[in-house]
Amino acid sequence: MRHIVRTSIGGSAVRVQLSNTFGTRAITVSNVHVARRTTGSSVDPATDRTLTFGGQQSVTIPIGGLAVSDAASVPVAASSDLAVSFHLPSATGPATYHQTALQTSYIASGNVAGNASITPTGETGDTFILSGVDVDNASGTGTVVALGASIVDGVASSHNANRRWPNLLSNRLNASGRTVGVVNQGISGNQLLRDGAGQSAINRFERDVLNQTGVKWVVFADNPINDVGSNRPVPTAQQLITGAQNLIDRAHARGIQFICATLTPFQGANYWTQEGENSRAAYNAWVRGAGSGCDRVVDFDAATRDPANPTRFLPAYDPGDHLHPNDAGFQAMADAFDLAWFGATSGTPGVQLRSRANNQLVNAGPTLVANGNATTFDRVDLGNGNIALRSRANNMYVAAEAAGAQPLVANRTAVGPWETFQVIDNPNGTISLRAQANGNLVCADGGGAQPLIANRTAIGPWEQFDVVNV
């Protein structure tokens, strides 16, 4: 199996969680690897790490069990794709899995988990056995868990595009300078009160929320829509409120802040009824009212409804099923959060670069050139002396384009070899940057008159930069 996972925060080390929670026999997992995904099913071999479990390269997980790997040192960029690969040496029987992952993962024959390129024998949109990826970042301030059903899961968002609202919230948090992990615990069809499509929110709350690494906030979202849509008789608003209060009390007992989400409109969906609508409206009134116990309220209903028909989605957000938002709707939901709820920005200063070639500050417009119109960058530590530079002008990473053959440009959404630079500290207090793309030094070409390009093998004034903290 080679599963593709989207990170929220970046960091310097990774560990994974493998689950046999719902298995019917003990399972053995071996040769577990994590690496940066390049494209498709391929990975960057320079970033590949073998993961161990108590120092062993194989682990047997009993029925109902969870295995957490040892941490492996590997630079991880925020909002990037990791590949978690492992070998299953024997039949597992029915495996613990997450359906509707909206991300293609890969199956291959043989013990090839450590191969940079594999020849898939199949693809899957489900995630098997892998239940979590933890990224270690010393600047991290906590984790927010999104608990819900198919809307949290991202149904109707673009496949392989990471347009679920938890992904989009994570993007906003990263761009704001906060280092807050985001965990997606959506299960399509899941309910608050009843088991069915997975255990109910009440029954899985301990495992899926309270036991998550570093959890500090939980957003409880769309489960009750399935309660009122799928059941006859329709649960009353008071039954939903009692269930939600159960979760609030359990979160508060562990010092976790509980963010309540209003339920989005769903008239026109195949299981909508007026009775269900009445329960939704009463539940939303409770969420918005005083005395609910909610620490914060994110008003997904207000963010997505049609003002002219408030029991329906805004047409621009409706993909046609009248139940799930489209990509634009998910963005509106992510935009409904007040980021101040998740603490202040890290306070990490941005940096500007001044070229010693002409004493001018570097501008990313998006091509990098030392022309005095300064761009501020986030200096993203990738470990082992490597960094990435993210332009605050467009939130894009700087790349040594065409493996260094073309000028540097800030146009990438994730970090790979072309976006990775080794920092060289010079005796005069300046730095130089060596591009991992080709091993060459970044130069302010033409004495600064031409764009920056990674094409030099020795350090002179054109290859030296002052770092200005701002």
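Is Ser279 buried or exposed? In this predicted model, Ser279 counts as buried, because its relative accessibility is 7%. The residue sits in helix H6, which covers residues 274-288. Leaving out neighbours within four places in sequence, Ser279 is in contact with Val228, Val234, Pro235, Thr236 and Ala237.

From H5, the contact draws on Ala237, Leu240, Ile241, Ala244, Gln245 and Ile248, while H6 brings in Ser279, Ala282, Tyr283 and Trp286. Sorted by class, eight of the residues in the contact of H5 with H6 are nonpolar and two are polar, with no charged ones.

H5 has another partner in helix H3. Here the angle is about 25° and the axes are 10 Å apart, so H3 and H5 come out as roughly parallel to each other. This crossing, too, is right-handed, with H3 passing H5. On the H3 side the contact is made by Ala201, Ile202, Phe205, Glu206 and Leu210, and on the H5 side by Gly243, Asn246, Leu247, Arg250 and Ala251. The contact of H3 with H5 splits into six nonpolar, two polar and two charged residues.

What about H3 itself? The helix runs over residues 201-210, and its buried residues are Ala201, Arg204, Phe205, Asp208, Val209 and Leu210. In an α-helix, residues three or four places apart point the same way, because there are 3.6 residues a turn. The buried residues of H3 pack against strands S14 (142-148), S15 (180-186), S16 (215-220) and S17 (257-261), as well as helices H4 (223-230) and H5 (237-253).

With a relative accessible area of 0%, Phe205 is buried. Its contacts, apart from neighbours within four places in sequence, are Leu147, Leu210, Val218, Leu247, Arg250, Ala251 and Phe258. Leu147 is 58 residues away from Phe205 along the chain, yet their C-alpha atoms are separated by 8.5 Å.

Helix H4 is largely enclosed by the rest of the structure, because seven of its eight residues are buried. Those residues are Asn223, Pro224, Ile225, Asn226, Asp227, Val228 and Gly229. They pack against S14, helix H1 (150-153), H3, S16, H5 and H6. The loop between H4 and H5 holds Pro233, and a cis peptide bond with omega of about 5° joins Arg232 to Pro233.

Which residues touch the most other members of the largest nonpolar core? Among its 55 residues, these are Trp165 and Phe342. H5 supplies the largest share of this core, with six residues.

Most residues other than glycine have a negative phi, and most peptide bonds are trans. Asn162 has a positive phi of about 55° although it is not a glycine. Asn162 is in the loop between H1 and helix H2 (165-175), and counts as buried because its relative accessibility is 10%. Asn359 also has a positive phi, near 60°, and lies in the loop between strand S21 (351-355) and S22. With a relative accessible area of 52%, Asn359 is exposed. A cis peptide bond also runs from Gly365 to Pro366, with omega near 0°, and Pro366 is in the loop between strands S22 (362-364) and S23 (368-370).

Gly416, in the loop between strands S27 (408-412) and S28 (421-425), counts as buried at 10% relative accessibility. Gly416 and Gln436 are 20 residues apart in sequence, and their C-alpha atoms are 9.1 Å apart in space. Asp445 is found in the loop between strands S30 (441-444) and S31 (452-456), and at 15% relative accessibility Asp445 is buried too. Leaving aside residues up to four places away in sequence, Asp445 touches Gln450, Pro451, Ile453, Asn455, Arg456 and Trp462.

Methods
Residues numbered from 1 in each chain as written. Predicted model: local features only at pLDDT ≥ 70, side-chain atom pairs only at ≥ 80, totals over all residues. Heavy atoms only, no water. Buried < 20%, exposed > 50% of the residue type's maximum accessible area, 1.4 Å probe, protein only. Helix = DSSP H or I, 4+ residues; strand = E, 2+ residues; numbered from the N terminus. Contact = heavy atoms within 4.5 Å. Axes fitted to C-alpha atoms, helices over the stretch in contact; angles between N-to-C directions. Parallel < 35°, antiparallel > 145°, perpendicular 65-115°, else oblique. Left-handed = near helix turned anticlockwise from the far one by under 90°. Nonpolar A, V, L, I, M, F, W, Y, C, P; charged D, E, K, R; others polar. Core = buried A, V, L, I, M, F, W, Y, C linked by side-chain atoms within 4.5 Å.
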